[in-house]
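Me: Please present the structure, and then let us discuss its contacts, its backbone and its surface.

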Amino acid sequence: MADSRFVDDGTYYGKSCVKVLRLHQEGLQHYIREFEVTVHLGLLSRKDFIHGDNGDIIATDSQKNTVYALAKTKGLQSAEQFGLELCQHFLDTYYQVSNVRVHIEEAPWVRINQSGREHNHAFTLSHQATRYADAFQQRYKSPVVSGGLKNMKVLKSTQSGFVGFVRDKFTSLPETKDRIFSTIVDCKWVYNDTRVDFDKAWETVRSTILDIFAGPPVTGIYSPSVQNTLYIAEKQILEKIPQVERVDMEMPNVHYFLADLAKIGMQNNNEVFMPTEKPFGYIRGAIERHPKSKL
């Protein structure tokens, strides 16, 4: 037999996509949060793989039930906090667990607004962005928590350009100082401290990205490249939230090409565009704080 060993960060099991909604009431107002929770456990022993010995396995059905039980006893304060509580529970309860991974996505429920007044118990899904969080904890070590947002599609119809790039025999893209800029933002950030208001931090990240992308309501702000907009947003996130250690962001360049109306005898004065999904430009950037100087 080939000589081999288990890879720790690639060996685990668990329950995926457990949906849970928690409702609580304060007077006449109802409050809800809905999560989709994935829990993965790493065990100290590999006897389940090697010998088919299930003696250390916490059934994935039990993991599912644990999600519901902790939703009842702990509530769903935030995706990040619930991830921490699940990590702590499995490490405290089962000696054979060496590490816990939790991934949570939140359904974006918002109150229905009727003539300027929020409804007490009726909600609608808002698809502006999907919030998610990850928590990872090894036995005897501090947890690592991250927040994130994805599928936040944004577009501005001017105040964007792209000039000065490399031109060679394969270049057909013309330079432009005025174009549509659209992207689908995926941003993930890692905390260096769990003593933080996770809800407030998430909203700060979301609003910062939108502010840097759009600029002031009347004038906007010029973007010379997707890369520059991405970097400025990441820098602002680190400046505004001291508890964030690292920010990773993806901003694919979703193209809107000018439709060719000349072939049907019409002029197109930057009025009619053709949205495309593929191919798309892919831009990713990650920044982190400088390590603190050691005395």
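Me: What share of the contacts in the chain with a separation of 6 or more comes from residues 24 or more positions apart?
Reply: This is a predicted model, in which local features need pLDDT of at least 70, side-chain atom pairs count only at pLDDT 80 or more, and totals for chains, interfaces and linings use all residues. Residues are numbered from 1 along each chain as its sequence is written, and side-chain values use heavy atoms, with hydrogens and water left out. A contact means heavy atoms within 4.5 Å. Among contacts with a separation of 6 or more, the share from residues 24 or more positions apart is 66%.

Me: Which residue does a cis peptide bond join to Lys278, and what is omega?
Reply: Pro279 lies in the loop between strand 11 (273–275) and strand 12 (284–288); strands are DSSP runs (E, at least two residues), numbered from the N terminus. The cis bond joins Lys278 to Pro279, with omega about -5°.

Me: Is Ser115 buried or exposed?
Reply: Ser115 is placed in the loop between strand 4 (109–114) and strand 5, and has a positive phi of about 55° although it is not a glycine. Buried means under 20% relative accessible area, exposed over 50%, and partly exposed in between (1.4 Å probe, protein chains only). Because its relative accessible area is 84%, Ser115 is exposed.

Me: What is the relative accessible area of Asn151?
Reply: Asn151 lies in strand 7 (residues 144–156) and has a positive phi of about 60° although it is not a glycine. Asn151 is partly exposed, with a relative accessible area of 48%.

Notes
Helices (H or I, at least four residues) and strands (E, at least two) are DSSP runs, numbered from the N terminus.
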